[in-house]
Amino acid sequence: MQQTTTDVLVVGSGIAGCAAALAAAREGAEVTLATKATEPEDASSWWAQGGIAVTREDADAFREDIITASDGEADPDAVDTLVDNAAAAVEDVLLETLDIDFDTVAESAKVDDDAATDGGEEEFAYAREAAHSESRILHINASTGRHILPPLLNHLQDHEHVTIEQDTAALELVTHEGLVHGAILERDGEFAPCFAGATVLATGGIGSLYPRTTNPEGSTGDGIAMAALAGADVEDMEYVQFHPTAYAGDESDDTFLLSEAVRGEGALLRNAEGERFMPDYHADAELAPRDVVARAVQEQIDETGGVTLDVSPLDFGEEFPDLAHKCEEYGVDPADGIPVAPAEHFLCGGIDVDDRGSASLDRLFAVGECSRTGVHGANRLASTSLLEGLVWGLRAGETAADAGDPEFVEAPDLLDSDPALPDNFARDKFVRLRRVMGEYVGLSRNRDDLGRAQGVLRRLKGEVDAYTRTRTSRGLYELRSATVVALLVSRAASENPESKGCHYLEPPAAAAEAEADGD
């Protein structure tokens, strides 16, 4: 693999990375988009079901919903940036540039009278999801991401200023005196530096750190790890959001997401005794914030043996044909209720950035799930992830285009002198890491367990570091990323004594009782 240069290097091909590449290219910058993905579905954005929230006539209500869902921890300035730029970003990229065919009132039987736009040619079927006070979510069935990402990638593929490098991983940032000058890229076992005037990290989430996740394979937190190891600030890493309604199959890692939109249209949660339980936990019942619903679902699973999503109040097959097909694929009859359980879904923290996506290291930007904009606080409001990626991606790309010319500096000397490790080496270490994160740093936490987790993770990181000194491979560096990020999450959780949003600390008595039961 040969050394390369580019004006803007974007790492990651979800909506955030694509938006950054588009905005930089529009400014005339030469853009290289490097992605581990070989298919659109390898990016988290492809898996987004519910849709993309937009600002309508309810800007103040939208702000309030975001802050309330965040358990009061969202940065008001960041929320303003999101809400104030939402409509323009969606109009520009998704409607005018890509002509995305969102569901309309005429096509949907799901919409009530207030769902149409006030006049205009398109009467969109805006949906409502948990913790939203209004219907404001543009969607395409329950598979919005897969209808947005391929057209966006195709548009970039045809852009004269954009080069897409598929099946290409970033292993380490190239830095010199506090400036980021690109990254070491790897493809087909070969690696070399790509020097860039600006580097935009858009590497997605951390789902591969947990036994059950709605993220695609390969969500190992690469961007966060690279940035942290280079000295960039990371914040809010304790806020790991679990989605309450992932399919609870026979295998812990065999799952698919049941969109929050299903509950938004009337589906109910019932425990193994057939009882609806959410009204006992929150006034908004099934439409309570995700962290509340997820903990309630897990508690009912523990107490009664299971939870199902009752879709009988709606015409599930007609209104959510994609999900109905998924149930059929998994041998599930929706009429009997769909077994569900919480699964890791979204990291609310990440690389700390400002309102243009700039990180604490010069010429480094981060957008999408790997970034911490401050919008989500302690818990993310449903269907704001695509919007955040789009808004911050456009702003970061535009800014990155003016960062300066690429400069040649001394790149990290990654060695690959020792024999390759066995094929199962990384896999076995990942099993160990996921077990620790699932047991000790999951939906509910306590001080003792977090201490245990850090002890195991420190030893694991030491082992991995010893191997990366003399070996360079994508799998090994993904494992390194995962151990670094796992430590960041567990440390942040242990240092935050207050339960907020999706960082939930068991009361001392409950923790002691749980430990006694374990004995």
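**Group meeting: strands, helices and a few single residues**

Start with strand 5, residues 162–165: Val162 and Ile164 make up its covered face, Thr163 and Glu165 its uncovered one. In a regular strand, side chains alternate between the two faces of the sheet. Strands here are DSSP runs of E with at least two residues, helices are runs of H or I with at least four, and both are numbered from the N terminus.

A word on the model. It is predicted, so local features need pLDDT of at least 70 and side-chain atom pairs count only at pLDDT 80 or more, while totals for chains, interfaces and linings use all residues. Residues are numbered from 1 along each chain as its sequence is written, and side-chain values use heavy atoms, with hydrogens and water left out.

Back to strand 5. Which way does strand 2 pair with strand 5? Strand 2, residues 31–34, pairs with strand 5 in the parallel sense, over four bridges. Pairing means that DSSP finds at least two bridges between two strands. Ala34 has Glu165 in strand 5 as its bridge partner.

Four strands, order 10-13-12-11, antiparallel pairing. Strand 10 (240–247) and strand 11 (268–271) are the edges, each pairing on one side only. On average, neighbouring strands are turned by 45 degrees against each other, direction ignored. Strand 10 pairs with strand 13, residues 338–347, in the antiparallel sense over six bridges. Gln241 stands opposite Phe346 in strand 13. Helix 7, residues 290–304, lies across strands 10, 11, 12 (307–310) and 13. Helix 7 runs at about 140 degrees to strand 13. Axes are lines fitted to C-alpha atoms, for helices over the stretch in contact, and angles run from 0 to 180 degrees between N-to-C directions.

Now helix 13, residues 474–495. Take helix 11, residues 425–440, as its partner: the two axes come within 10 Å and cross at roughly 15 degrees. That makes helix 11 roughly parallel to helix 13. The cut-offs: under 35 degrees is roughly parallel, over 145 roughly antiparallel, 65 to 115 roughly perpendicular, the rest oblique. Who meets whom? From helix 11 come Phe425, Ala426, Lys429, Phe430, Leu433 and Met437; from helix 13, Gly475, Leu476, Glu478, Leu479, Ala482, Thr483, Ala486 and Val489. Contact means heavy atoms within 4.5 Å.

Helix 5, residues 222–230, also reaches helix 13: their axes come within 8 Å and cross at roughly 75 degrees. Helix 5 and helix 13 are therefore roughly perpendicular to each other. Asp222, Ile224, Ala225, Ala228 and Leu229 in helix 5 meet Glu478, Arg480, Ser481, Val484, Val485 and Leu488 in helix 13.

Last, some loop residues. Arg136 sits in the loop between helix 3 (76–97) and strand 4 (137–138). Is Arg136 buried or exposed? Buried, at 0% relative accessibility. Buried means under 20% relative accessible area, exposed over 50%, partly exposed in between, with a 1.4 Å probe and protein chains only. Beyond neighbours within four places in sequence, Arg136 contacts residues including Arg56, Asp58, Asp65 and Tyr126.

Ala131 belongs to the loop between helix 3 and strand 4. Ala131 is not a glycine, yet its phi is positive, about 70 degrees. Glu177 also has a positive phi, near 50 degrees, in a residue other than glycine. Glu177 lies between strand 6 (169–176) and strand 7 (179–187), in the loop. Glu177 is exposed, with a relative accessible area of 72%.
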